[in-house]
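Hi,

Here is the structure I promised to pass on.

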Amino acid sequence: MSCLKKYLDEIRSRGNGQLADAVQKTVDSIIPKYIRNFSFREHVVSLLLGNVQSGKTSHMFGVMSAAADEGFGIFVLLTTDNILLQQQTLERAVKDLKEFCVCGENDYLKFLTNNMKKPSVIVLKKNGSVLKQWKNNLSSTNFCLGNPLFIVDDEADAASLNTMVNKNKKSTINRTLEEIKKTTGSSIYMQVTGTPQALLLQTYESGWKPYFVHYFEPGEGYLGGDFFFGDENTPNIVFTDNDEAKDILLDDEFPENGLKSALLTHLITSAHIFLNGGKVCNFMVHPSVKTNQHEKFAVKIGEYLNEINITNNELEMVDALRESYNRLAVHKPELVPFNDAVSFIRKILQEDKVNILVINSNSAFEDSSEYEKGINIVVGGNSLGRGVTFPMLQTIYYCRLAKSPQADTMWQHSRMFGYDRDKDLMRVYMPPILYKLFADINTTNNSIIYQMLKNKFGARLKLYYTKGLRPARITVIDKKALSLLSGGVNYFPFYPDNKNIAVLDKLLAPFEDGLYLVNLNFIIRILEEVVSGTDDFDVDVFISFVKTFTAEKPLRQGQLIVRRNRDIAQGTGTLLSPNDRALGAKYSDDVVLTMYKVMGRKGWNGRELWIPNIKLPSGLVYYNI
């Protein structure tokens, strides 16, 4: 039986035929085009992109199984440098990849003894000493050099990239991964992530920019970015005060606040889930990157629970629960009866069955079973990000405000995304300023996905973010290759030319001098007839950025300003008249293209010429490699 068929049968045997069909679709998109035609003489980098917590592991196991059927026999599966995550991945590989020889970090003898009888997969942490040891192991065998290596890098944007690119050096992990690739004559390196920003901003010269990208859509029932951040009026988002997190730790009077409201919501949600036969309900509190803050919040939550449990005013406690209950019941009509919920909450508080867990670098969790059952409140920081999955995570209190927020890091904190959620009881508490950042990231993520799905952007895929929000760590992006375009700024070529002025004359003939609302595809067509003699105005870059706005919305409109008979001198350093500059500025959310036809009497090689001026939507920074 083929590896892929065995794997898909395993998925279907667990009652998840829909997932098996989705994995098959991914395999059918990748294998014939990229794996079956592999040259066996090159090192290819690719990207498997999926939404955060949308089932990436199942898809990458499917691709690995199909690749094994195509003759690939040595797989290296990389996880983040976390002992628990490496063990979880190893256990899942043993469980799911029945046709493979699955090896852990200390299984070199097992790998050697297998001697290519079965396809091997070696599950490793991205840890310097571990990777160096296996680089030596692979180099020392007599069969690795003659077989292509298939490396699968889970969370490939974390740790793998060169953090010293701007110092003309190689970071240890990055250098060792390159050395592992070169233990064989050819390889496929499949990056896997839900946050591809840093990967897409790599140069081809670095060797880490993906040659091809495959995006797989999430399955039915997935709650992701559009569910939470597509509409600010959604009941699933509850806004808190921007400075509430600071005030909570300073106030000893237990005032009403977002954290207490979230706690009451968690208790009622837990009552509903458990009274309906559920076994787990989780509440995450993400207050800060500082570990001492986590302990303080844990203590404060404990105090709140004690206040609810031993309050002298029973009626006050019931009233507070009823208020939270009524808010949930509006969107969950079948919520368990209020009196039953109150009785359940009294019981679990009296029996001390609400667990408060602190998970951070100082309080590392040894066993995920701590939050895989029971009623839990998990407090932490960065450790709550990549790779950690919380079942039935129904309530989130998120108030971490970074000085220089990064889109990929923030998105990895979206542990609320996933499948096993009751969407009517999902509640995320956060200040409006953070909601706006998440909404902006979601918008750009959608743009990236739509560009990929249209499959016509290639290396020209573009990213844009609101000012103050960076796509990724700047340490892994080559500053020499990075150019930034600011929205709201007018750009024009210093040495313009036209491919064929007659074509531009014809395109613009229907427009008298003035302002017009036009399809962005028409703006692209105009720009295609423009040439710049220097790199100060890269026409292809501007065309690509305009395409990002049409990827999701093909009918999106822009503003076109047309002016003829302009008697402007070449080299004056300015193009737009004050009136036209002010006119374009009125449309801050639009692409504005101004086309001036100069008479050619003051330079311009003595000939008429159409000169473009383009302004991209304001408030955004556009990234180009």
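Predicted model: local features only at pLDDT ≥ 70, side-chain atom pairs only at ≥ 80, totals over all residues.

Let's start with helix H17, residues 501-508, whose buried residues are Leu 504, Leu 507 and Leu 508. Buried here means under 20% relative accessible area, exposed means over 50%, and partly exposed is in between (1.4 Å probe, protein chains only). Helices (H or I, at least four residues) and strands (E, at least two) are DSSP runs, numbered from the N terminus. What covers them includes strands E17 (496-498), E20 (557-566), E21 (592-598) and E22 (609-615), along with helix H18 (520-527).

Residues are numbered from 1 along each chain as its sequence is written, and side-chain values use heavy atoms, with hydrogens and water left out.

Five strands make an open, mixed sheet in the order E16-E22-E21-E20-E18. Its edge strands are E16 (490-491) and E18 (514-519), each pairing on one side only. Two strands count as paired if DSSP finds at least two bridges between them. E20 and E21 run parallel and are joined by six bridges, and Arg 566 stands opposite Val 598 in E21.

Another strand to look at is E11 (residues 374-380). Six of its seven residues are buried, so E11 is largely enclosed by the rest of the structure. Strand E9 (residues 280-286) pairs with E11 in the parallel sense over six bridges, and Phe 283 has Ile 377 in E11 as its bridge partner. Strand E10 (residues 354-359) also runs parallel to E11, joined by six bridges; there, Val 358 is partnered by Val 379 of E11.

Now the charges. A salt bridge is a side-chain nitrogen of Lys or Arg within 4 Å of a carboxyl oxygen of Asp or Glu, and by this rule the count comes to 30. Here are a few of them:

- Arg 12 and Asp 21 have their closest N and O atoms 2.9 Å apart. Arg 12 is partly exposed at 38% relative accessible area, and Asp 21 is partly exposed at 46%.
- Glu 178 and Lys 170 come to 3.0 Å. Glu 178 is buried at 16%, while Lys 170 is partly exposed at 36%.
- Glu 323 and Arg 327 come to 3.2 Å. They are four residues apart in helix H13 (residues 314-329), which means about one helical turn between them.
- Glu 10, Arg 14, Arg 92 and Asp 96 are linked in a network.

Which buried charges go without a salt bridge? Lys 209 is one of them, with the nearest side chain of opposite charge, Glu 205, 8.9 Å away. (Lys and Arg count as positive and Asp and Glu as negative; His and the chain ends are not counted.) Lys 209 is in the loop between helix H8 (197-200) and strand E7 (212-215), and a polar atom of its side chain lies 2.7 Å from the backbone oxygen of Leu 200.

Arg 427, in strand E13 (residues 427-430), is likewise buried with no salt bridge, the nearest opposite charge being Asp 424 at 7.0 Å. The backbone oxygen of Asp 424, though, is 3.2 Å from a polar atom of the Arg 427 side chain. Leaving out residues up to four places away in sequence, Arg 427 has contacts (heavy atoms within 4.5 Å) that include Pro 235, Thr 265, Arg 327 and His 331.

Cheers

Key: Polar contact = N/O pair within 3.5 Å; in protein donor to acceptor, adjacent residues only side chain to side chain.
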